[in-house]
Amino acid sequence: MARNKEGCMIILDVGKDTLTKSGKNDQTFFERAKSCVSKIVQRKIFSKPQDEVGLVLMGTDDTNNQLNVEYGGYHHISEAFELNPSNWQMLRVLEKQVHASKVNGDWFDALVVAMNFLKVGAQAKKFASLKIILVSALSVSSNLDEDQMDSVVRKLTDMPCELNVINDSVEHHVDSEDQHDEDNLIFDALGIFSQTHQKTKEQRANEKMLSDIVFKSNGALCNIDSAELLLVHFEKKATRAMPWNSMLSIGTKIQISISAFLLISEEKGLGSFKTESTNPNATVKLKTDYFKNDQPFEPDYENVINGYMYGSTVVPYDSQIDIDYKSGEQRLSCLGFTVAGNILEEYLCGTGTHVVVARKDCSASEAKLSALVKAMIELDVFMIATKVYRRDTRPKINVLMPTYRKRYPCLIMMELCFQEEVALLKFPPLLSNKYKPTDAQYEAVEKLIDAMDLMDALDDDTGSKEAFALQKTLNPIHQHMYRTVAHRALHPKAPIPAMDEELKKLVDVPPKVRERSKTALEEVKNLFPLKEVKVNARLKWLQRANKITASLDGAVAGTSQQNATDAEEELDDQRTIVEVGTVTPAEDFALLLKRGEKFATLCGQIQNVISDLVFKSMTVQYEKVAMAMMMYREEAKIMGPYRYNEWIAEFKKSLLARNKQEFWEQVVVRERFGLIGMGESDMSTITADEVEEFYNVNTVPKSSESGADADYVDADDLFANM
């Protein structure tokens, strides 16, 4: 952990001169400096939690530091927080208890106190680097001579420690190449104090002395505007690249020592939160309750085994039946080579991409890997290999693709899926003869695509730059989450803040693209006119159920009866339906009924499917369920309404008992899928008044004495039919 651990001591100026206005937002320098320090600590918490931070206040009304106790003379300087891992307590104190004072402090005295405070706090601790950040307006002159300045520089060099200064009169002159390589760090570009601002004699003297100290300690100067801009976003937590070292085997004679580094992976935000009680004296204990059919019960722990859910069915799994499979030692074994065109994009899977290089300080492996990459590129082939990450772990099939990164030969390794994991899904064609675009429409779309080119979408002093660059674009979701957590930690009772405008700009259309796309967009609008088409939902379901193709304006296409019959027979022959499923329940019901299946059997199947789709799906597909209910109801009018009427009464009970009032109103009531009365079927005994009374939610017909539990069905076909 000490490899990248940093110790940072922050000096915050709270003197009376910091109350002067600074910046464009009519804020005081104190407010901006306090905000910068808060963001520095927040960034440490989220991005570098192993770093330790301390705080020294200069310009305080009181004096509280060790050097003043021992030697005296270090007045109006307070040691607020000693060197410790950054925490929310420091931020809360900074937010609520740190205010501007009525006196000023000496920045040089504060620097000496901070050096001593940092040195004492860093004893018996291992740090990769030490840093002091001075955030001050530098309004008070410091009476020091060359010997004192040399002494401070010598102590900073001996520690070693760098001094960084944040001030509102610093200018940055960054070359285009440096700006291109900038990695959003605060002190990347060395700044200089501006010579154009109106300053007092004391300020100019302070700036000259401080510039010398900063330069000699390898530190940097930063403008407070740049600091605010860069600190507004949180960096991801820094991690050290850990290689996966193994042996690449090709046949029985070729062995190459390789190291695989993670190149691309899914960005992860904050980890899981620790549950704590608001009462500091109370302890939080994890409690597990068991329920069966929504009722609590106490299981027999001695006979409990693992299980998996397949739909609503529990599939028990006993670890005693595990196959004792041993994959062997860690390895990367070549299975063979294949033409690059055989590896399609849809065959790739896994959670990341690795780059495979020769192991460090192994010249023989470097030569072998270089020759292998060169040969694979010339032959245009990829390698298929078995990867065993650790001894006796599950083997995985990987593809290794040859390439050069920064002129060094390497292999890009990605995981391949197995044949059973490939699902072939057929989709209807996007283009048809009826809606084939014209040449003018193609040209208009090409102009719009060219106008939305992101490679030159941003303009700055160095020229045009790419918008949404892959390596520099931050995830706005994670950034908002970091800010929300910080806000809740500092203001526990305040509401969650809305997303800030600067975060919205991360995903907003660049102004340059928006402006140059107007003409092309208007041309597309003119060539692709949109017309609202109002389609009767009930007519649409009837047309689908009867395999009738309707035009968008609702007119029925003029096809002969013979063509419609041939289409049904062709569809019937292509589908192997044995029961009503959850994918296309209405079509399944119609086809099975046409084939001569018993109506009573199909009634039970479609009732079960409708219940599964309504009660056991994460999202109810209203159109699919409504079409299935309509198909069932229309056939029940002809075949006999008794089963439908009995089922719809129980279905109503279940809907209302399980808080499905929206489905009841939107589908059953609106589409009139209630009881089948004598006016719709001669076989019905339900009067018109009873039909109307059925739609009243306060009344449930007594058509069956069985409860809602009688409708419970197995939902396995929710997955089996996919």
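Here is a short chat about the predicted model shown above.

Biologist: Before we start, how are residues numbered, and what pLDDT do local features need?

Modeller: Residues count from 1 along each chain as its sequence is written, and side-chain values use heavy atoms, leaving out hydrogens and water. In this predicted model, totals for chains, interfaces and linings use all residues, side-chain atom pairs count only at pLDDT 80 or more, and local features need pLDDT of at least 70.

Biologist: In what order do the six strands of the open sheet run?

Modeller: Strands here are DSSP runs of E, at least two residues long, and helices are runs of H or I, at least four long, numbered from the N terminus. Two strands pair if DSSP finds at least two bridges between them. Strand 5 (77-85) and strand 10 (220-223) are the edges, each pairing on one side only. The pairing is mixed, and the order is 5-4-1-6-7-10.

Biologist: Which residue in strand 7 is the bridge partner of Ile-132?

Modeller: Strand 6 (residues 129-135) and strand 7 (residues 162-167) pair in the parallel sense over five bridges. Within strand 7, the partner of Ile-132 is Leu-163.

Biologist: What angle does helix 4 make with strand 5?

Modeller: Axes are lines fitted to C-alpha atoms, for helices over the stretch in contact (heavy atoms within 4.5 Å). Angles run from 0 to 180 degrees between N-to-C directions. Helix 4 (residues 107-122) packs on the sheet, touching strands 1, 4, 5, 6 and 7, and its angle with strand 5 is about 30°.

Biologist: And which helix lies across strand 7 and strand 10?

Modeller: Look for residues 224-231, running at about 80° to strand 10. That's helix 8.

Biologist: Where's the cis peptide bond, and what is its omega?

Modeller: Go to the loop between helix 5 (146-158) and strand 7, where Pro-160 lies. The bond joins Met-159 and Pro-160, with omega about -15°.

Biologist: Is Asn-218 buried or exposed?

Modeller: Asn-218 sits in the loop between helix 7 (201-216) and strand 10, and has a positive phi of about 60° although it's not a glycine. Buried means under 20% relative accessible area, exposed over 50%, and partly exposed in between, with a 1.4 Å probe and protein chains only. At 64% relative accessibility, Asn-218 counts as exposed.

Biologist: How does His-76 count, then, at 26% relative accessibility?

Modeller: His-76 also isn't a glycine, yet has a positive phi of about 60°. You'll find His-76 in the loop between helix 2 (66-70) and strand 5. With its 26%, His-76 counts as partly exposed.
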